Amino acid sequence: MTTTASIAVFFHNYYGDHAGWVERLCRNIPLPFDLYYNVVENSIHNAGVTGAEILTEMNAAKSGNQLQKIYLRVSPNQGKDLGGKLVLLDSFMRSGQKIEWLLFLHDKQSPHKADPLTWKNRLYRILESDFIEKVMRLFEADESVSVVAAEGSVAQEYDSCTASYKSSSAVLIKEMVQAYQMIGHNTGYVAGTMFWARASAGSEFFKEYSPLSIRATLEKGNVMDDFDGTRTHAWERIISWVFSGQGWKIKELA
Amino acid sequence: MIIPVFYMVPSGEIRSSVQLLNNDFIPAICLDTEDFNEWQRIYQFLSEHPEFVFSIAIRHETELTQAQLEQLAAFCFLPSFFQRNGQAPVFLIHSLPVAATTAVSELADYLDRLGLSNIRFADIGNRGQIIAETMDQLLETYAIQLRQVPDGTQSVMIKFRDPATHSAIKLSLGVVENDFKNSQPELAMALERIRELLKLNAGLKTKNGLLEEELKNYRTYNKILQTIHPDRELQRFYDREYEALPRWYKRFGHIIKAIMGKRRWSSLVNDRKKGGRL
C-alpha cells in the first residue's frame with residue numbers, strides 16, 4: 001500500500017552503488033518519501049549498466065515502507081551534481097506532486113581535497129535519522145526557515161566592504177544575482193549543495209526559470225573552480241539563495 | 001528482431017499498445033505539436049512506467065516552442081528512452097523540408113546544450129528513415145536491410161494500421177529472418193558477427209572515452225592537491241624562515257650542532273666530499 005509522500009529526495013549519482021544508497025535512505029528517513037534519482041550515464045562507475053538494471057537493483061534494495069516511488073533519470077555529466085539535480089527538479093515539477101520538503105543529496109567524494117572524509121561526514125549528517133527529526137521539528141516550529149544544513153556547512157563569501165564575493169566565480173555570481181533578480185538575497189550558502197529545503201520557497205523561482213533552461217547554461221564534464229570560475233560553481237551558491245530568498249532563513253543544525 | 005523495428009503509435013493508443021509491442025517492437029510514440037497537453041500526459045505515463053522502452057516521432061510543420069523543446073528533453077532523460085550503441089533516434093514527421101531543416105538544427109542545438117548530444121534525428125518526411133506503409137513493403141524492406149552490411153543505423157519503421165495483429169507481424173518477420181539464414185547461412189553468420197563486433201566496439205569506445213575522462217579528472221585533482229596541499233605551506237615557511245638565511249649563518253649553525261653532539265663531525269666532512277653545501 002502506498003502513502004502520500006511528504007518528502008522528495010533528489011539524489012545525483014556519479015559513483016554507482018545504487019543499492020547501497022537506497023538501503024541507506026530507507027534506513028534513515030522516518031517519513032514517507034519519493035526518490036528522484038539521477039544517474040550520470042557517462043561516468044566510468046555507471047558504464048555498461050542500463051536504466052532497467054539500475055532500477056531492478058534499486059527496487060531489490062528497498063526496505064521498510066517509507067520509500068513510495070522511484071523516479072529514475074539518466075543524464076550526461078553536465079553541471080556536476082547541480083546539473084543532475086536540475087534534471088530531477090524538472091521531473092519533480094512535471095509530476096505535479098504536492099510535496100512539502102525537499103532533500104538535496106549526491107554521492108560526494110571530493111578526491112581533490114586533502115581531507116575529504118571529514119567534509120563528507122559533516123555534509124551527510126543531514127541524512128541521519130535524529131537530524132531529520134530535528135529538521136522536521138524546526139520546519140514546523142519556525143515557518144521563516146526554508147533551508148536547513150549541517151553545522152559548519154554554511155559558508156559566507158560575501159564581503160560587504162567591497163560588495164563582492166571571495167570566490168573564483170565572483171564575477172559570474174554577481175552577473176547571475178542580477179540576471180535572476182536576487183537583490184537582497186541571503187549571502188550565506190550551503191557549501192556542498194546538500195541540504196533540506198521547504199518546497200514552497202523555491203517553487204515560484206523555478207516556474208519562472210525552468211530547471212532545464214538553467215542546466216543548458218552549465219559547463220559539461222567534471223569542471224573544477226580551483227583555478228577559474230565556472231557557472232556550475234556560481235550555481236552552487238545560487239541554489240541556496242533560490243530557496244532562502246525573500247525573507248526566508250538558512251539554519252544550521254548540529 | 002535482428003534489425004530494430006519501430007512501430008508508430010498514435011499518442012492516444014500508447015497505454016493499450018505499449019505493453020503488447022514492447023517485447024518485439026519499439027513503439028515510436030507519435031506526438032503532434034498541435035496537442036501539447038497530450039505530450040505531458042504521455043510523459044507522466046512513461047515516467048510512471050519505466051519498464052516500457054520507447055522512442056518518439058514528432059509531427060510538426062513549424063518550429064517547436066521552448067516548452068515543447070524542454071518536454072522533448074525530459075523524454076530523453078527517461079531511462080527507458082530507446083538507445084542503441086550510444087545513439088538515440090528521434091523521428092520527425094513533416095511536409096515542409098525547409099522549415100524542418102531549421103527546426104532540426106535548432107532541436108539538435110538545444111539538446112546538445114543540455115548535454116544530449118547522442119540524439120539522432122531521422123527525418124521521415126524526407127525519407128531519412130526507411131518506412132513501411134504496407135505489410136508487403138515491410139517484409140520487402142526488412143529482407144533488404146537484413147542483407148546489408150550493418151553500420152548500426154539500420155532500422156525499419158512500421159507506419160501502417162493493419163488488421164494483422166502484432167504477433168502476426170512478428171511471425172512474418174521471423175519467417176523472413178529464417179529464409180535469409182537458410183538461403184545464405186554464411187552471409188547471415190558473417191553479418192551477425194559484424195553486428196556483435198559493432199556492439200562490442202561501441203561499448204569499448206565508450207569505456208575508453210570514460211577512462212580517458214577519468215584519467216584527466218585525476219590529473220586535475222592531483223594538480224589541485226599539489227597547489228593547495230598543507231605541505232606547500234610548510235615548504236613556504238621553511239623557505240622563508242630558513243632558506244633565506246645567509247650561508248655563513250647556516251654553516252655556523254651546523255658547527256654548533258656538531259659541538260652540541262646533535263650532528264657528527266664526519267657528516268660535515270662527508271658532505272663536503274660529496275660536494276654538499278654544508
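Reader: In the largest nonpolar core, which residues touch the most other members?
Author: In this predicted model, the largest nonpolar core holds 124 residues. Such a core is a set of buried Ala, Val, Leu, Ile, Met, Phe, Trp, Tyr and Cys residues joined through C-beta atoms within 7 Å. A residue is buried if 20 or more other C-beta atoms lie within 10 Å of its own, exposed if 12 or fewer, and partly exposed in between, with C-beta atoms placed from the backbone. The members that touch the most others are A:V9, A:F10 and B:A28.

Reader: Which helix gives the largest share of this core?
Author: Helices (H or I, at least four residues) and strands (E, at least two) are DSSP runs, numbered from the N terminus. The largest share is seven residues, and their source is a helix of chain A spanning residues 231-244, namely α9.

Reader: What pLDDT do local features need in this model?
Author: Residues are numbered from 1 along each chain as its sequence is written, while chains are lettered from A and ligands numbered from 1 in the order in which they are written. The model is predicted, totals for chains, interfaces and linings use all residues, side-chain atom pairs count only at pLDDT 80 or more, and local features need pLDDT of at least 70.

Reader: Which residues does A:V9 contact, leaving aside its neighbours within four places in sequence?
Author: Contact requires C-beta atoms, placed from the backbone, within 7 Å of each other. Once the neighbours within four places in sequence are set aside, the partners of A:V9 are A:L25, A:F33, A:L35, A:Y36, A:L103 and A:L105.

Reader: Which strand of chain A pairs with β10 over four bridges?
Author: Two strands pair if DSSP finds at least two bridges between them. Strand β5 (residues 145-150) of chain A pairs with β10(A) in the antiparallel sense over two bridges, and A:V148 stands opposite A:W196 there. The pairing over four bridges is also antiparallel, with A:W101 and A:R198 as bridge partners. It involves residues 101-106 of chain A, which form strand β4.

Reader: Are the residues of β10 in chain A that point either way buried or exposed?
Author: From strand β10 (residues 195-198), A:F195 and A:A197 point one way. A:W196 and A:R198 point the other way, and the residues on both sides are buried.

Reader: Why does A:T193 count as buried?
Author: A:T193 is found in the loop between β9 (188-190) and β10 of chain A, and has a positive phi of about 50° although it is not a glycine. Most residues other than glycine have a negative phi. A:T193 counts as buried because its C-beta neighbours inside 10 Å number 24.

Reader: How many C-beta neighbours inside 10 Å does A:D17 have?
Author: A:D17 also has a positive phi, of about 60°, without being a glycine. The residue lies in the loop between β1 (7-13) and α1 (18-28) of chain A. A:D17 counts as partly exposed, because its C-beta neighbours inside 10 Å number 14.

Reader: Which strands stand at the edges of the open sheet in chain B?
Author: The seven strands of this sheet pair in parallel, in the order β5-β4-β3-β2-β1-β7-β6. An edge strand has a single partner, so one side of it is left without a neighbour in the sheet. The strands in this position are β5 (119-123) and β6 (131-132).

Reader: What is the bridge partner of B:I58?
Author: Strand β3 (residues 55-59) of chain B runs parallel to strand β4 (residues 88-93) of chain B, and four bridges join them. The partner of B:I58 in β4(B) is B:L92.

Reader: What arc do the buried residues of α2 in chain B cover?
Author: The buried residues of α2(B) are B:W39, B:I42, B:Y43, B:L46 and B:S47. They lie on the same side of the helix because their arc, taken from the directions from the helix axis to the C-beta atoms, is only 135°.

Terms used. Two residues are in contact if their C-beta atoms, placed from the backbone, lie within 7 Å.
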